[in-house]
Amino acid sequence: MALAWQSPVYLERGRLLDRLPEEVGFAVHLQAPAGFGKSVLAGQLAARLGMRTLWGSALLGEPRALLARGLGLPEEAPWGVVLEGLKAEPTLVVLEDLTGEEALSPLLRTLPCLLVLASRKPLPYPELPKLLAEGRLVRLGPEDLAFTLEEARALFGGREGFEEAHRATGGWPLPLFLSALTGRPPEAEALLQGLRESLSEDEFREGLLLAALPFLPQAHATPATENLFQKGLLRLTPEGFRLHDLMREMALRSLLLEVQKAVREAEGRLPPELLAEAYFASGLREDLLALLERPIQISTPAERLLAWEALLRTGGPRAKLRLGEALLQCGRKEGVSLLEGLLHEEPRVALTALGHLAYYLAEPMLGQDLPRARAYLERGLALLDRVPGELAGRFLNDAARVPYEEGKPLEAMGLLEEALRRLPPESPYRAAPLTNLALLRFELHGDLLGRITALEELGLSPSYTHANLPGHLRDLGRLYLLLGERDKAKAYLKRAQEAPGNPLAALEAAMLLAHLEGDEGALARLLAQAELWENPYLVARGRALLAELRGDPSLVEGLEGFLPRLTLALLKRDASLLPPYPEEREERLYWHAARYRLLGEGKDLDALLNLTQVGARILPGLLPLSLLPRNRPELAQAYPLEEVLRLGPREAVLLRHGEIPPLRAEVLGRFRLEGPLGPVALKGKAKEVFALLLLGLPREEVAFALWPDLSEEAALNNLYVWLARLRKVLEPWGVPTYLLEEGLARVEADLFALERALAEGKAEEALRLYQEPLFPGLDHPLLDRRREEVFHRVRALFLQKGEPLYLERLLELDPLDEEALTLLVETCLKRGQRARALRFLEGYRKRLWQELGEKPSPRLQALLRGCRKSPPRPATRP
């Protein structure tokens, strides 16, 4: 008997049911772990079809015996008798809990029924690949059976919590359904037991490991990881594979000892920072301390180390060394005393502590105590020959910060070069001194692009630690701001703002980003954070940026420092308030730019052009285009093209004419023009003129088509008037670009793309592009003719392809297209979707009668009769 699967709590998912065949002679394989709704979907198919249904579980016996009993036959009846019984009337057979060991070959070879196979693992039956190749098998896996967000919304009936439940379960139907039904998380034990039974031992152990990890990078995945992903139990994020939150919480709560065992077994497989996270998440605190005491690089963010602060303070010298650096990275000066307490440890620990002290005591954002920093530098130099070369090189790289901040770039360069001599050639830590040397070359010689390249290459280095990342990303944002490349600057500043490892650098990046986006509220909140940090450098920087946004000099009055004084001079328009000429090259660029804004003297402009090796490329980030001398249009070549087109001068536009992008025209389904300055609005006759020109008509034909009753001269005069108006709208920069004597040029239109797709037989592209009407809102015989021509070409291509996707689109365009309907119905019948074919035919029949008062053609009536009859029985194959 057919199951009555009508409970309202089971959501009917049309996207899945519409993919299933409905005819005898076809098969479906549903393969997913427990709780993925395989039985529910099979039950809904049974309810939709209403045919005789036989349902059995391989857990209860051999499928042949189960089917025999369902047919009223003796359980020992052979396959031949069972198959004949199935042929007696249309039957849906659902076989669940299959393992692949069942003897199903006779059933699969003949398929005298519509067969649904449900399993938790792949099935090895040799007949399945053949059925798939013949188009008689539909496979649905966990990625198909998982609920979409919209399905979760429908399951919850509009109640809150569906998004969180979908995120936690990853669309896993069973726990999602239980959450919707009860409003509470599902029971862990039952779901974990179901998973244990659905997965191999390796897969289940991999899941336990992932329960202790924030993510597993793809490079460290195993076949078991991939299998879990394929089964829908993992998400793939940019960082790597992640276990769904619900399963993670259940495993840590109910199977902690097994999770700990899986973590310990993964020690040689995971990178140390991930192993540290796994130890902490699974409660293996002693293992975590032992790992942190090892003399290896562990790239754990400072903020994360501070979350373990109480534990690390109980550890040995290396754990305290890591904690001390993390405290300083987060702006907490007690890190200094913690590091100073390690200076009498063995030389490797002591030298590392000295390097951190020298570096952070030279940091302006931490108050900068250069005499103490210099003392620790000198003390560290005495230890260099007592440690391995790599450790010595890393100290020298850190300590070079001291002479750099002291204004001694040559000494800093010497320390960095010595660092490179001591670092082994294969050392990943060579990237840091190379980057710092690039900074010095910028300071000494203005090599701005070299510095950018070095910073960007450092991001690919294996030694790129969390502590380095925010500061380097911030610096890249600042350097791209110098070049006026705002989009790149925003991207780097946003990444710096979100990157863990150095909260002070992230806060400065967030300030620069808020200023760049003109967000006064966000900048004020960030300034308040800087004041809570009690960080004078960031407070002064934040006030200067906020004062510039608000145009309020009172925010920086009385403040010392380069940026506050520069901002005060600009806001008060008084060059005498400028700070003293700075030593750092980046500050010199801003100083000359401010002075040129205030005084307009050519020597400041020349200084800007000569301070770096990029010449005029530096100008867009420092000076508005309107302030450039009009007699030097070549300087505008470095500015964004849109800015040049808006502001000119004409000579500058002519120099950039080849860069002007095409005009983009959309005339399929809507009329929209997009130029380099944004949308272009055409009205009235101007729109008609443009449309006819787009069809490729010469001016004389356009004039005759629009003013047929006028003389040729009068019609052309009218056209020239409208062409002049059109040119002002299309080319406001005053240089002929799109509207030339011979017609339109440099125009990209969706109509052209559609015609190319039609000529090349690219139906998928034509389906994406074609919308009706062509040239909406316009009425002209020439346009009507093109509309008809394009439609018939689209129709011919879609009929030629004959796929349901294209045929259904044709019926959307013309619901009474008999040829498209016939092809669609025949395709559905070939795929075993008789009920779907009947729905199309019935809809056509009703519409034909309602709109035209006619009956379907004899051919369609024959198809209707065939669909209403019971389907023919397939011949038995040996």
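**Helix packing, a cavity and the backbone**

Trainee: At what angle do helix 28 and helix 29 pack?
Mentor: About 150 degrees, with 10 Å between the axes of helix 28 (residues 448–458) and helix 29 (residues 468–482). That makes the two helices roughly antiparallel, the word for angles over 145 degrees, as roughly parallel is for those under 35. Angles run from 0 to 180 degrees between N-to-C directions, and axes are lines fitted to C-alpha atoms over the stretch in contact.

Trainee: What kind of model is this?
Mentor: A predicted model: local features need pLDDT of at least 70, side-chain atom pairs count only at pLDDT 80 or more, and totals for chains, interfaces and linings use all residues. Residues are numbered from 1 along each chain as its sequence is written, and side-chain values use heavy atoms, leaving out hydrogens and water.

Trainee: Back to that pair. Left-handed or right-handed crossing?
Mentor: Helix 28 and helix 29 make a left-handed crossing (the near helix is turned anticlockwise from the far one by less than a right angle). Helix 28 brings Leu448, Arg451, Ile452, Leu455, Glu456 and Leu458 to the contact, and helix 29 brings His472, Asp475, Leu476, Leu479 and Tyr480. Contact means heavy atoms within 4.5 Å. Helices are DSSP runs of H or I with at least four residues, strands are E runs of at least two, and both are numbered from the N terminus.

Trainee: What classes of residue are in that contact?
Mentor: Seven nonpolar, one polar and three charged. Ala, Val, Leu, Ile, Met, Phe, Trp, Tyr, Cys and Pro count as nonpolar, Asp, Glu, Lys and Arg as charged, and the others, Gly among them, as polar.

Trainee: Next pair. How do helix 26 and helix 27 pack?
Mentor: Helix 26 (residues 409–422) and helix 27 (residues 431–445) pack at about 155 degrees, axes 10 Å apart. They are therefore roughly antiparallel. Their crossing is left-handed.

Trainee: Which residues make that contact?
Mentor: From helix 26, Pro409, Leu410, Ala412, Met413, Leu416, Glu417, Ala419 and Leu420; from helix 27, Pro433, Leu434, Asn436, Leu437, Leu440 and Leu444. In the contact of helix 26 with helix 27, 12 residues are nonpolar, one is polar and one is charged.

Trainee: And helix 33 with helix 34: parallel or antiparallel?
Mentor: The axes of helix 33 (residues 536–550) and helix 34 (residues 562–571) cross at roughly 15 degrees and come within 8 Å. The two are therefore roughly parallel. This crossing is left-handed. Ala540, Arg541, Ala544, Ala547 and Glu548 of helix 33 meet Leu563, Pro564, Thr567 and Leu571 of helix 34. Six of the contact residues are nonpolar, one is polar and two are charged.

Trainee: Switching topic. How many cavities of 30 Å³ or more are there?
Mentor: One. On a 1 Å grid, a cavity is where a 1.4 Å probe fits but cannot get out, and lining residues have an atom within 4 Å of a point. Points join across faces, edges and corners, and volume is the space filled by the probe spheres. The largest cavity holds about 120 Å³.

Trainee: What lines it?
Mentor: Leu192, Leu195, Leu199, Phe204, Gly207, Leu208, Leu228, Leu233, Leu243, Met247 and Ala251. Helix 11 (188–198), helix 12 (201–211) and helix 14 (245–254) each give at least two. Helix 12 has the largest share, three residues. By class, the lining has 10 nonpolar residues, one polar and no charged.

Trainee: Last topic, the backbone. Which peptide bond near residue 649 is cis?
Mentor: The bond from Gly648 to Pro649, with omega near 0 degrees. Pro649 sits in the loop between helix 37 (641–647) and helix 38 (650–655). Glu772 and Pro773 are also joined by a cis bond, omega about -5 degrees. Pro773 is in the loop between helix 43 (763–769) and helix 44 (781–801).

Trainee: What is phi at Arg746?
Mentor: Near 55 degrees, a positive value in a residue other than glycine. Arg746 is in the loop between strand 12 (743–744) and strand 13 (747–749). Most residues other than glycine have a negative phi, and most peptide bonds are trans.

Note on methods
1 Å grid on protein atoms, 1.4 Å probe; cavity = no way out; pocket = protein on both sides within 12 Å on 5 of 7 lines; lining within 4 Å. Parallel < 35°, antiparallel > 145°, perpendicular 65-115°, else oblique.
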